[in-house]
Amino acid sequence: MGNLELLRDTKRRLVESDMQKAIYNAKLFGITKEELQTMMDILFEEDE
C-alpha cells in the first residue's frame, strides 16, 4: 500500500469515527435517519 493510499484510508477512518459518534448521538436524541441525512446534506452544501 502506497503512502497516498494509506493517508486516504486514515482519513476515511477518521470520518467514519465521527459519523459513528453522530449516529450514536442522533439515536440518543431521537433524531431519525432521514433527519440526520437532511442535516448532513445541508451541512455538506454549506461548506461549498
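Student: What should I know about the model before reading the values?

Tutor: The model is predicted, so local features need pLDDT of at least 70 and side-chain atom pairs count only at pLDDT 80 or more, while totals for chains, interfaces and linings use all residues. Residues are numbered from 1 along each chain as its sequence is written, and side-chain values use heavy atoms, with hydrogens and water left out.

Student: How much space lies in the largest pocket?

Tutor: A pocket is an open set of points on a 1 Å grid over the protein atoms alone, where a 1.4 Å probe fits, with protein on both sides within 12 Å along at least five of seven lines. In this structure the largest pocket holds about 460 Å³ of space, a volume being the space filled by probe spheres set on the points.

Student: Which residues of its lining lie nearest the centre of the largest pocket?

Tutor: Lining residues have an atom within 4 Å of a point; here there are 16 of them, and Met19, Ala22, Ile23, Leu36 and Met40 lie nearest the centre. The elements giving two or more residues to this lining are α1 (3-28) and α2 (33-46), helices being DSSP runs of H or I with at least four residues. By class, the lining divides into eleven nonpolar, three polar and two charged residues.

Student: Which residues make the nonpolar surface patch?

Tutor: Patches are made of residues with over 30% relative accessible area and no salt bridge, nonpolar side chains being joined within 5 Å. Here Val15, Met19, Ile23 and Met40 make a patch of about 330 Å², to which α1 gives the most, with three residues. Val15 lies in helix α1 and, at 48% relative accessibility, counts as partly exposed, a class that falls between buried (under 20% relative accessible area) and exposed (over 50%), with a 1.4 Å probe and protein chains only.

Student: Which residue forms a salt bridge with Asp9, and how far apart are the closest N and O atoms?

Tutor: A salt bridge requires a side-chain nitrogen of Lys or Arg within 4 Å of a carboxyl oxygen of Asp or Glu. The structure holds one: Asp9 pairs with Arg13, the closest N and O atoms being 2.8 Å apart.

Student: Why are Asp9 and Arg13 separated by about one helical turn?

Tutor: Because they are four residues apart in helix α1, about one helical turn separates them. Both partners are partly exposed, Asp9 with a relative accessible area of 30% and Arg13 with 47%.

Technical notes. Nonpolar A, V, L, I, M, F, W, Y, C, P; charged D, E, K, R; others polar. Patch = residues over 30% accessible without salt bridge, like charges linked within 9 Å, V, L, I, M, F, W, Y side chains within 5 Å. Areas by Shrake-Rupley, 256 points an atom, 1.4 Å probe, with all protein chains shown as cover.
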